[in-house]
Amino acid sequence: MQHQQKAILFSAPSGCGKTTIIKRLLDYFDCFEFSISATSRKPRSGEEHGKDYYFMTHEEFLHRVDQHEFLEWEEVYEGTCYGTLKSEPQRIWNNGKVIVFDVDVNGGKNLKRYFGDKALSIFVMPPSVEVLEQRLRSRGTESEESIAKRLGRSAKELKESGNFDVTIVNDDLDTAVEETRRIVDQFLKQ
Ligand code: ADP
Ligand code: 5GP
């Protein structure tokens with residue numbers, strides 16, 4: 001089936017489980033293609049340039065901002081920028097695929113405004129702030145400083161779920177994935 005020009009936006013504070021849920025959905029929906037964001041942060045172990053992110057220096061990122069190459073971008077954490085290159089959604093729609101975004105809460109709101117009814121915006125909610133902290137720690141990818149930055153930002157972001165089309169509580173992973181699958185299926189049939 002062709003799903004011309006649709007997009008699914010996943011937003012949540014860091015550590016809520018967006019990447020985990022998206023990976024499961026990419027295996028299930030053949031029509032999904034992940035929008036690879038640009039970032040000025042360093043790759044984590046196992047992350048690949050051109051698969052997880054387009055990794056670049058802070059200088060290159062800002063140069064591309066000056067060249068108007070971004071559809072949206074944010075300095076999500078002090079000194080670390082993330083953004084969606086304009087070329088990315090176009091590339092995916094040209095492939096006849098549905099775009100899947102993993103962006104912060106501001107990025108999610110901006111992209112929903114841009115894509116309108118073509119996009120379903122999903123907020124991934126942790127069962128509690130304590131569980132969110134545990135998950136960030138158990139992922140083992142962040143320094144104490146980075147965990148503190150991420151938790152600091154999450155308090156504000158968690159209040160934004162009402163600005164999204166749907167909220168999924170990611171308590172039990174299988175349940176969250178199943179619920180997301182059902183909602184996305186419905187959206188793709190519209
Ligand atoms: P995000 O992409 O939102 O930053 P991740 O997908 O990296 O979050 O998830 C953060 C950590 O929590 C990872 O170690 C992941 O394996 C774990 N995790 C995600 N969802 C669940 C869940 N439902 N139950 C337990 N652990 C989870
Ligand atoms: P991480 O460093 O954990 O991969 O991502 C940190 C945060 O940046 C997450 O909330 C993630 O969704 C967000 N992010 C990743 N790519 C983009 C992007 O292109 N735009 C925006 N606005 N946020 C992004």
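This is a predicted model: local features need pLDDT of at least 70, side-chain atom pairs count only at pLDDT 80 or more; totals for chains, interfaces and linings use all residues.

Residues are numbered from 1 along each chain as its sequence is written, chains are lettered from A and ligands numbered from 1 in the order in which they are written, and side-chain values use heavy atoms, with hydrogens and water left out.

**Largest pocket**

- The largest pocket holds about 1000 Å³ of space, where a pocket is an open set of points on a 1 Å grid over the protein atoms alone at which a 1.4 Å probe fits, with protein on both sides within 12 Å along at least five of seven lines, and a volume is the space filled by probe spheres set on the points, joined across faces, edges and corners.
- Its lining (residues with an atom within 4 Å of a point) comprises 43 residues, and those closest to the centre are Thr 19, Arg 44, Tyr 53, Asp 102 and Arg 139.
- With helices (H or I, at least four residues) and strands (E, at least two) taken as DSSP runs numbered from the N terminus, α1 (18-28) is one of the elements that supply at least two lining residues each, and α1 gives the most, with six.
- The lining divides into 13 nonpolar, 13 polar and 17 charged residues, with Ala, Val, Leu, Ile, Met, Phe, Trp, Tyr, Cys and Pro counted as nonpolar, Asp, Glu, Lys and Arg as charged, and the others, Gly among them, as polar.

**Second largest pocket**

- The second largest pocket has a volume of about 400 Å³, and among its 19 lining residues Ser 40, Arg 41, Lys 42, Thr 80 and Arg 150 lie nearest its centre.
- Helix α6 provides the largest share of this lining, four residues.

**Ligand 2**

- Ligand 2 sits in the largest pocket, in the sense that more than half of its atoms lie within 2 Å of the pocket's grid points.
- Around ligand 2 there are 18 residues (each with a heavy atom within 4 Å), of which Ser 37, Arg 41, Tyr 53, Tyr 82 and Asp 102 come nearest.
- Oxygen atoms of ligand 2 lie 2.7 Å from a polar side-chain atom of Ser 37 and 2.8 Å from one of Arg 150.
- The protein covers 96% of the 510 Å² of accessible area that ligand 2 has on its own, as computed by the Shrake-Rupley method with a 1.4 Å probe.

Conventions:
A polar contact is a pair of N or O atoms within 3.5 Å; within protein, one must be able to donate a hydrogen and the other to accept it, and residues adjacent in sequence count only if both atoms are side-chain atoms.
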